[in-house]
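Subject: Handover of a structural model

Dear colleague,

Please find below the structure that I am handing over to you. I would be grateful if you could read the notes after it alongside the coordinates.

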Amino acid sequence: MHAEASHDPVAGQLRQRIPLSYYTTWKVGGAAEWLAEPGSHDELAALVRWAQRQQLELRSIGAGSNLLVADRGLGGLTLCLRRLQGCSMEAGAGLIEAQAGEPIPTLARK
């Protein structure tokens, strides 16, 4: 099924047939049928709802390290979560809560 993005509020965030080689450290891989990079939890939730309505397979990627994508690409909606950054720490309890896009080296320095 091919999704129609033009009549949906998330349409400005959705891009079609984007080479995922741009998103991997190895610079290889085919295109995503649909790709979005949400910058907030609200945008992420709206994109997930859109994919569900379209009955699309949904997957997420981070900054692309340790990621290989087949040359044939990926169907459905791929969410690149690298813009979702930030963390909170409770030193006394030993708890760390990090968003999906928080870089591991940045988190380790904190």
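The notes below describe what was found in this structure.

The model is predicted, so local features need pLDDT of at least 70 and side-chain atom pairs count only at pLDDT 80 or more, while totals for chains, interfaces and linings use all residues. Residues are numbered from 1 along each chain as its sequence is written, and side-chain values use heavy atoms, with hydrogens and water left out.

Overall architecture

The chain has two helices and six strands. Helices (H or I, at least four residues) and strands (E, at least two) are DSSP runs, numbered from the N terminus. In that direction the elements follow the order β-β-α-β-β-β-β-α. Along the principal axes, the C-alpha atoms of the chain fill a box of roughly 50 × 30 × 20 Å. Of the 110 residues in the chain, 36% are buried; here buried means under 20% relative accessible area, exposed over 50%, and partly exposed in between, with a 1.4 Å probe and protein chains only. A contact is defined by heavy atoms within 4.5 Å. Among contacts between residues at least 6 apart in sequence, 47% join residues at least 24 apart.

The sheet and its helix

Four strands form an open sheet with the order E1-E2-E4-E3 and mixed pairing. Two strands pair if DSSP finds at least two bridges between them. Strand E1 (15-19) and strand E3 (58-61) are the edge strands, each pairing on one side only. From one strand to the next, the twist averages 45 degrees. Axes are lines fitted to C-alpha atoms, for helices over the stretch in contact, and angles run from 0 to 180 degrees between N-to-C directions.

E2 and E4 pair in the parallel sense over four bridges. Within this pairing, Trp34 has Leu77 as its bridge partner in E4, and Ala36 has Leu79. E3 and E4 also run parallel and are joined by four bridges; Ser60 stands opposite Leu79 in E4. H1 lies across E2, E3 and E4, and runs at about 170 degrees to E4.

E4 itself is mostly covered, with five of its seven residues buried. Gly76 belongs to this strand (residues 74-80) and counts as buried because its relative accessibility is 5%. Leaving aside residues up to four places away in sequence, Gly76 touches Glu33, Trp34, Leu56 and Glu57. By contrast, the C-alpha atoms of Gly76 and Ser88 are separated by 32 Å, although these residues are twelve apart along the chain.

Nonpolar cores

A nonpolar core is a set of buried Ala, Val, Leu, Ile, Met, Phe, Trp, Tyr and Cys residues joined through side-chain atoms within 4.5 Å. The largest has 14 residues, and those with the most contacts inside it are Leu14, Leu47, Trp50, Leu77 and Leu79. E2, H1 and E4 each supply at least two residues of this core, and its largest share, five residues, comes from H1. Beyond four places in sequence, Leu79 touches residues including Ala36, Leu44, Leu47, Val48 and Ile61. A second, separate core of eight residues includes Ile18, Tyr23, Leu35 and Cys80.

Aromatic pair

The structure holds one aromatic pair. The rings of Phe, Tyr and Trp (its six-membered ring) pair if their centres lie within 6.5 Å; planes under 30 degrees apart count as stacked, over 60 as edge-to-face and the rest as tilted. Trp34 and Trp50 form the pair, which is edge-to-face at 5.2 Å centre to centre and 70 degrees between the planes. The pair links distant parts of the chain, with Trp34 in strand E2 (residues 31-36) and Trp50 in helix H1 (residues 41-53), 16 residues apart. Trp34 is buried at a relative accessible area of 3%, and Trp50 is buried at 0%.

Cysteines

The structure holds zero disulfides, a disulfide being a pair of cysteine sulfur atoms within 2.5 Å. The sulfur of Cys80 has its closest cysteine sulfur in Cys87, 19 Å away, and is therefore too far for a bond. Cys80 is buried, with a relative accessible area of 0%, whereas Cys87 counts as partly exposed at 27% relative accessibility.

Yours sincerely
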